[in-house]
Amino acid sequence: MTIAAPERSLFVVRSVLQSAERDVFVCRDEADVHERLFTLVVLKGAPHMDDAIALLMDVQTAGHTPDLVCCFSGQGCFHALFHYHEGEPLSALLAEQALSLRERLEVGRNLLGEALMQDWPAALQCDCLAQEGVVCDKSLRVGFGYSLSRTADYRALGREDVQRELAQWLLRLIGPRDAARADERGRTLQQICDKAAAGGYPGTLQLYTDYGAWYAYVRDRLRLAEEQRLTFLQRMWRALGRVMGILRPVLAVALIAASVFYLLYSIRNPAVPKGAKPGEIAQVGDLPMPTPAPPAEQIPLAQRFLPAFLQSPTKTQDK
């Protein structure tokens, strides 16, 4: 199936959801040689979707939300085209306990960073943070899988709800035991999330800043604890790896410089085999070159003027 959009023709790769109120497709631009994917959400005109449509149009006009590609109408429906994010639902990864604490700390920071970068209005941001709306790939990058499933609640959702959703995700990621770890200022993640759930932050940036400070302290403490459990040889091996990581580019530059210097030196001072004159080629590899003929004045008169068959052969004696 192909759907016409402004400046592109979208080929439907697969259908994610089809219902009476909305459809969600994964598409690609037929003219895109890189075959990048998009998420296309089709709103079919239910009365409660007017708020979502108005918000999306305002976001498109403002143009400061990277994931929104465009909005358009067609066949009596409203279409919103978003960039597609690869990855598994974060809720599924947490249920499978597939992430270590260090990885979950990183995912929490990436989640807040993505929410901050997209800068959605509060209602749309809450929609992105729905249970299946957050995806995480193998490199721990976080993205949103857009479906606009909460349009009926848009009028009731505000800034406090965004902070509450983010706080719930952070507590799910880190867990109650590790959330009780305190940073150098004595703050725990539980306290940060309680403040967010109560609407105590002016915006996502302040929550990101507080979590970032707590994250950095806990990450460093985890690294220190891991190093203390290492044996002497393991610590020396890690130290050697860090030193080599610093020296590797320096050694590479030195090797290139030495090679260039040797090349210039060999051009200006070519090696001459023993007994050979400068400019004279004595051999090519292991193959000796034939001795050049002597000048004509050095050739005996008999060899110069007598035919070859009249010349007496050279006699050799066996030793």
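1. E160 is partly exposed, with a relative accessible area of 35%, where buried means under 20% relative accessible area, exposed over 50% and partly exposed in between (1.4 Å probe, protein chains only). R159, also partly exposed at 35% relative accessibility, forms a salt bridge with E160 in which the closest N and O atoms are 3.3 Å apart; the term stands for a side-chain nitrogen of Lys or Arg within 4 Å of a carboxyl oxygen of Asp or Glu.

2. This is a predicted model, in which local features need pLDDT of at least 70 and side-chain atom pairs count only at pLDDT 80 or more, while totals for chains, interfaces and linings use all residues. Residues are numbered from 1 along each chain as its sequence is written, and side-chain values use heavy atoms, with hydrogens and water left out.

3. The structure holds 14 salt bridges, among them one between R164 and D161 (2.9 Å, N to O).

4. R187 forms a salt bridge with D183, the closest N and O atoms being 3.4 Å apart, and both residues are buried. D183, R187 and D210 are linked in a network of salt bridges.

5. An open sheet is formed by 6 strands in the order β1-β2-β3-β4-β6-β5, with antiparallel pairing, where two strands pair if DSSP finds at least two bridges between them. Because β1 (2-5) and β5 (68-74) stand at the edges with a single partner strand each, one side of each is left without a neighbour in the sheet.

Key
Helices (H or I, at least four residues) and strands (E, at least two) are DSSP runs, numbered from the N terminus.
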